[in-house]
Structures are given as C-alpha cells and as structure tokens.
Amino acid sequence: MVPTLGVEVIERYPHPGQGFTQGLVVEGDLVWESTGLYGQSTLRCYRLGDAVLQWVGALGDELFGEGICRIGCSLWQLTWKEHLALRWCPRTRTLQQTVALDRHGWGACRMGGVLVTTDGTDELVVRNAHALCPVRTLRATAAACGSDPIGRLNDLTYARGRLWTNLFRTPSNAQDLWIGPGRVPRGTRRAYLPE
C-alpha cells in the first residue's frame with residue numbers, strides 16, 4: 001500500500017469563473033490554470049485572490065485540456081486523449097505551437113531543465129523542454145526494487161529535489177516519488193530507471 005500524506009489548509013482564495021481545473025501554475029500572485037472538458041477547455045490567467053479572470057484562451061472543442069507547466073519562456077499545456085501539447089507564450093498570451101505527443105497527456109512539471117509528464121499509468125516521461133521529445137521513461141514502483149508498480153500517476157509538482165504526484169481516483173493527496181541515487185527516504189516511493 002502506498003502511504004499518503006495529509007495537508008493543512010492555511011489560507012483560502014476565491015476562484016474566478018467556472019472550470020474543471022486540470023493544472024495550475026502559480027508565479028508570485030499570477031495564476032495560470034488549465035481547464036478540461038470537451039467544448040469547455042481553456043487556458044486562463046488571473047491574480048491570486050481576484051474574483052475576475054484577466055484572460056481566457058479557449059481550446060478547440062475537440063481538445064480536453066490537462067496539465068500545464070512553465071519552462072523558460074513557454075507555458076506547455078497537455079491534452080488528454082488527443083496526443084497533443086500546446087505551447088503558449090505567457091507574455092503575449094498567444095498559442096505559439098502545437099506538438100504531437102507519443103501518449104495521453106495528464107500531468108506535467110518542470111524538473112531542472114526538462115519537462116516530466118504522466119499519462120495515468122505507472123510511467124513518468126522525461127521530455128526535452130523545447131520539442132517535448134521523450135528523453136527517458138521512469139517507472140514508479142514500491143520502494144523495494146522490482147516490486148509492484150504505482151499506477152494512476154496524475155498531476156505533478158517538483159519541489160526541493162522531490163517529485164510529488166497524486167494518484168487518480170484515490171483519496172490520497174500527494175505521493176512523494178524519490179528520483180535519484182542513494183537510500184530511499186522512509187515513507188516514499190521510488191521511480192526506477194528501466195534496464
């Protein structure tokens with residue numbers, strides 16, 4: 001069984017507008033939000049605490065918006081089943097590029113100079129930050145080498161040398177995936193490089 005971590009709510013902020021939130025990037029007091037559902041997916045921007053959206057970019061009706069990630073001068077937005085990623089320019093708030101992906105898009109985060117994505121399985125895909133080409137695949141398994149995979153990896157966050165995820169349709173808030181050499185800290189799971 002995968003251990004879970006609790007959370008403590010320290011402050012609440014209003015959420016402007018309606019939307020099926022799929023990804024968030026917070027930069028100071030500026031929030032970028034990806035929303036999903038076919039015919040309703042957007043990329044939106046607002047100030048933390050504001051009740052009004054500053055900007056909304058609608059996706060085509062055939063796209064289901066998913067995770068987002070800011071890396072360099074680009075904001076990448078994944079789509080769910082369409083095998084596409086959208087590269088937005090946050091400064092001009094324009095769509096710059098659409099890139100084909102090799103799998104579904106769920107969660108995304110920046111880890112150093114690369115982008116890491118999930119697709120709802122037990123695999124994390126490390127991608128080139130400019131073209132989103134796969135560089136390597138990591139498999140999340142229980143701490144004992146070679147034991148059961150941890151599936152349903154969903155949204156991602158990378159902070160203080162740790163990759164955090166939630167597991168889709170489980171009551172858990174976050175899982176700590178240790179990526180790196182050395183001893184696995186107690187209560188974490190490790191993502192192993194494939195042979």
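1. The side chains of Arg139 and Asp122 form a salt bridge, with N and O 3.0 Å apart. Arg139 belongs to strand 12 (residues 134-141), whereas Asp122 sits in the loop between strand 10 and strand 11, so the contact ties together parts 17 residues apart in sequence. The model is predicted.

2. Arg139 is partly exposed, at a relative accessible area of 38%. Asp122 has a relative accessibility of 12% and counts as buried, because the cut-off for buried is under 20%.

3. This pair is part of a network. Salt bridges with shared partners join Asp102, Arg103, Asp119, Asp122, Glu123, Arg127 and Arg139. The structure holds eight salt bridges.

4. Arg103 and Asp119, also members of that network, meet through their side chains in a salt bridge of 3.0 Å, N to O. The link spans distant parts of the chain, 16 residues apart. Arg103 is in the loop between strand 8 and strand 9 (108-111). Asp119 is in the loop between strand 10 (114-118) and strand 11 (123-128).

5. Are Arg103 and Asp119 buried or exposed? Arg103 is buried, with a relative accessible area of 17%. Asp119 is buried too, at 13% relative accessibility.

6. Another salt bridge joins Asp29 and Arg47, with the closest N and O atoms 2.8 Å apart. Asp29 lies in the loop between strand 1 (20-27) and strand 2 (30-36), and Arg47 in strand 3 (residues 42-47), so parts 18 residues apart in sequence are tied together.

7. Four strands make up an open sheet, in the order 5-6-7-8, with antiparallel pairing. Its edges are strand 5 (65-71) and strand 8 (94-100), each of which pairs on one side only. On average, neighbouring strands of the sheet are turned by 25 degrees against each other, direction ignored.

8. How many bridges pair strand 7 with strand 8? Strand 7 (residues 84-89) and strand 8 pair over six bridges, in the antiparallel sense. Within this part of the sheet, Leu84 stands opposite Ala100 of strand 8.

9. The loop between strand 8 and strand 9 holds Arg103, whose side chain meets that of Asp119 in a salt bridge.

Key. Residues numbered from 1 in each chain as written. Predicted model: local features only at pLDDT ≥ 70, side-chain atom pairs only at ≥ 80, totals over all residues. Heavy atoms only, no water. Pairing = 2+ DSSP bridges. Helix = DSSP H or I, 4+ residues; strand = E, 2+ residues; numbered from the N terminus. Axes fitted to C-alpha atoms, helices over the stretch in contact; angles between N-to-C directions. Salt bridge = Lys/Arg side-chain N within 4 Å of Asp/Glu carboxyl O. Buried < 20%, exposed > 50% of the residue type's maximum accessible area, 1.4 Å probe, protein only.
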